[in-house]
Amino acid sequence: MEYYFSKTINDSFENAIQKVTEALKEEGFGILTEIDLKATLKKKLDVDFYNYTILGACNPHAAYKALLAEDKIGTMLPCNVIVQEKVKGQVEVSAVDPAASMQAVENDALGEIAIEIREKLQKVIQNL
């Protein structure tokens, strides 16, 4: 089982981040964190890297249900979505497959929530 799903779009990096953020919002997600990995690697290691941003997306309703079902599940939250541009104008957007990551947790209620979030994230990626 793949642990992510992705799609490449032809757009600028900045526009892609905006589109992803808006698509996530339409599916009930907010962005809790935004990590500019290019800037972080330059600052910490003085290396040049391509445009790569990690968006920490959270669907509060699903997160609450997941926490009620499994109190340690916060170790796997939020759902990460990455936006990366290795070739100018070709931006790959990838999202974690929460159902794959939750397989290790033996909790049927959590599995149902993971499938619900998987469907929402897949819709975000497909609609870009």
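Visitor: So what's the strand order in the open sheet?

Guide: It goes S1-S5-S4-S3-S2, with antiparallel pairing. Strands here are DSSP E runs of at least two residues, helices are H or I runs of at least four, both numbered from the N terminus, and two strands pair if DSSP finds at least two bridges between them. It's a predicted model, where local features need pLDDT of at least 70, side-chain atom pairs count only at pLDDT 80 or more, and totals for chains, interfaces and linings use all residues. Residues are numbered from 1 along each chain as its sequence is written, and side-chain values use heavy atoms, leaving out hydrogens and water.

Visitor: Which strands stand at the edges?

Guide: S1 (4-10) and S2 (30-36); each has a single partner strand, so one side of each lacks a neighbour in the sheet.

Visitor: How many bridges between S1 and S5?

Guide: 7, in the antiparallel sense, with S5 covering residues 90-96. Asn-10 has Gln-90 as its bridge partner in S5.

Visitor: Switching to helices: what does H1 touch?

Guide: H1 (residues 13-26) packs on the sheet, touching S1, S2, S3 (51-58), S4 (79-87) and S5. Contact means heavy atoms within 4.5 Å.

Visitor: And where does H2 lie?

Guide: H2 (residues 37-45) lies across S2 and S3.

Visitor: Thr-53, buried or exposed?

Guide: Buried, at 3% relative accessibility (buried is under 20% relative accessible area, exposed over 50%, partly exposed in between, with a 1.4 Å probe and protein chains only). Thr-53 sits in strand S3, and its contacts include Phe-13, Ile-17 and Val-81.

Key
Axes are lines fitted to C-alpha atoms, for helices over the stretch in contact, and angles run from 0 to 180 degrees between N-to-C directions. Lists of a residue's contacts leave out its neighbours within four places in sequence.
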